[in-house]
Amino acid sequence: MAELLGRHKSWVCRRLALIERWGPKARDELRVGLLTPTAARQMVRLPEGNQAEVLEAIRREALSSAERGGVVDLWLRCADRRQQEYLLAHPREALSQAKGGVSAVGDPRLSEAGNQVWKRVGLLLDVLGRMEVWLAHHGRTGLTPQDRVILSPRFQRLARDAGSVAALSQDFVGELERA
């Protein structure tokens with residue numbers, strides 16, 4: 001085979017080993033050109049049973065090559081099925097959270113305005129998630145009485161503004177569902 005392809009036999013052996021580790025869906029997609037060899041090399045790092053569902057999420061979200069590699073890396077580090085399900089449902093958010101911020105890469109399916117809103121919502125969700133964890137589990141007990149007096153107006157404003165944003169968001173969700 002190596003002679004016919006004009007390649008070294010170690011190159012052919014590596015390619016055959018890759019093909020053997022691909023699941024049937026990945027093989028079919030590679031065969032018809034839906035999966036590039038580069039993407040296939042990333043996917044082969046996953047267990048065969050997980051390749052199809054990760055491929056589906058990658059395709060649904062139209063992830064870039066760098067994002068695909070990041071999703072595979074995150075998948076391999078997932079501690080449980082709950083994390084895997086979140087990664088499959090929200091790959092860009094998961095990548096952003098793993099990097100500790102909001103991804104600079106926009107979603108190619110969105111307009112420029114849509115990407116700006118996406119980033120703002122991502123920032124809000126990130127900060128709200130951190131605040132939720134702090135309020136539920138951490139720092140309240142570490143605050144001094146003076147801290148509480150100084151922070152009280154800020155938390156009052158947070159409660160008011162978060163309530164307003166929640167109501168407006170709910171209204172927008174209703175509008176989107178009616179459309």
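The model is predicted, and the secondary structure of its protein chain consists of 10 helices and zero strands, so that the order of elements from the N terminus is α-α-α-α-α-α-α-α-α-α.

**Overall form**

The protein chain has a radius of gyration of 23 Å, whereas a compact globule of 179 residues would have one near 16 Å. Along the principal axes, the C-alpha atoms occupy a box of roughly 80 × 45 × 25 Å. Of the 179 residues, 25% count as buried, and the accessible surface of the protein chain amounts to about 12600 Å², with 59% of that area belonging to carbon and sulfur atoms. Among contacts in the protein chain with a separation of 6 or more, 44% are between residues 24 or more positions apart.

| Helix | Buried residues | Cover includes |
|---|---|---|
| α6 (65–77) | E67, R68, G69, G70, V71, V72, L74, W75 | α4 (37–43), α5, α7, α8 |
| α8 (91–99) | P91, R92, A94, L95, S96 | α5 (48–61), α6 (65–77), α7 (81–89) |

Helix α6 has 13 residues and spans 19 Å from its first C-alpha to its last, which is close to the 18 Å expected at 1.5 Å a residue. The cover of the buried residues of α6 includes α8, and, in turn, the cover of the buried residues of α8 includes α6. Helices α5 and α7 are among the elements covering the buried residues of α6, and both are also included in the cover of the buried residues of α8.

**Residue E61**

Where does E61 lie? E61 lies in helix α5, and it counts as buried because its relative accessible area of 11% is under the 20% cut-off. Leaving aside residues up to four places away in sequence, E61 touches A89, P91, R92, D107 and R109.

Definitions and conventions:
Residues numbered from 1 in each chain as written. Predicted model: local features only at pLDDT ≥ 70, side-chain atom pairs only at ≥ 80, totals over all residues. Heavy atoms only, no water. Helix = DSSP H or I, 4+ residues; strand = E, 2+ residues; numbered from the N terminus. Rg over C-alpha atoms; globule rule 2.2 N^0.38 Å. Buried < 20%, exposed > 50% of the residue type's maximum accessible area, 1.4 Å probe, protein only. Contact = heavy atoms within 4.5 Å. Areas by Shrake-Rupley, 256 points an atom, 1.4 Å probe, with all protein chains shown as cover. Expected span 1.5 Å × (residues − 1).
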